[in-house]
Amino acid sequence: MTHDARAVAQRMYEAFNTRDLAAAETIFSADFVSHPLGTVGVDSVVKAWSGLHATFPDIQVIVEDMVVDADKVAVRTSLHGVLGGAGVDDQPLPSMMEIFRVLDGRIAELWGISTLNRPAGSSVTPG
């Protein structure tokens, strides 16, 4: 299970970074729950990803650390290509901490927090 959980998390970040919205159908379960967004379903992921890509056209989520324990994956990432990131007043890159629960080879649940300052109404969590 550990290998499957790691692989699906890696696929999620790859799909986000390459703007492969169609991949969400194979990465997230039909009843996927995003606790940070308070949403359910794959369509909510596509909407969130599309919004982030529109707000930050150059955004890339870079995995810094990934820890897998059975069906849970904890990931620390840095966010590149966002306004207010590194290089602006020597601020550190914005970052995220996410935890996924994987069920039957798909991400079923996500919890996460971010340090990204963003416009009201937008989300940063890829999932």
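Before I start, one definition: a contact here means heavy atoms within 4.5 Å.

Okay, hi everyone. What you're looking at is a predicted model, so local features need pLDDT of at least 70 and side-chain atom pairs count only at pLDDT 80 or more, while totals for chains, interfaces and linings use all residues. Residues are numbered from 1 along each chain as its sequence is written, and side-chain values use heavy atoms, with hydrogens and water left out.

Let's do the overall fold. The protein chain has 3 helices and 6 strands; those are DSSP runs numbered from the N terminus, H or I of at least four residues for helices and E of at least two for strands. Reading from the N terminus, you get α-α-β-β-α-β-β-β-β.

The 6 strands make an open sheet with mixed pairing, ordered β2-β1-β6-β5-β4-β3. Pairing, by the way, takes at least two DSSP bridges between two strands. At the edges sit β2 (39–40) and β3 (60–69), each pairing on one side only.

Then there's helix α3, residues 42–55, lying across β1 (28–34) and β2 at about 65° to β1. That angle is between N-to-C directions, on a scale from 0 to 180 degrees, with axes fitted to C-alpha atoms, for helices over the stretch in contact.

On one side, β4 (residues 72–80) runs antiparallel to β5, with 7 bridges; V75 stands opposite E98, and V73 opposite F100. β6 is also antiparallel to β5, over 8 bridges, and there E98 has G112 as its bridge partner. The β5–β6 hairpin has 2 residues between the strands, and D104 takes a positive phi near 55°.

I99 comes out partly exposed, at 36%.

That brings me to the surface. M97, I99, W111 and I113 form a nonpolar patch with about 350 Å² of accessible area together. For a patch like this, residues need over 30% relative accessible area and no salt bridge, and nonpolar side chains are joined within 5 Å. A salt bridge would be a Lys or Arg side-chain nitrogen within 4 Å of an Asp or Glu carboxyl oxygen. β5 (95–103) and β6 (106–114) each supply at least two of the patch residues.

Conventions. Patch = residues over 30% accessible without salt bridge, like charges linked within 9 Å, V, L, I, M, F, W, Y side chains within 5 Å. Areas by Shrake-Rupley, 256 points an atom, 1.4 Å probe, with all protein chains shown as cover. Buried < 20%, exposed > 50% of the residue type's maximum accessible area, 1.4 Å probe, protein only.
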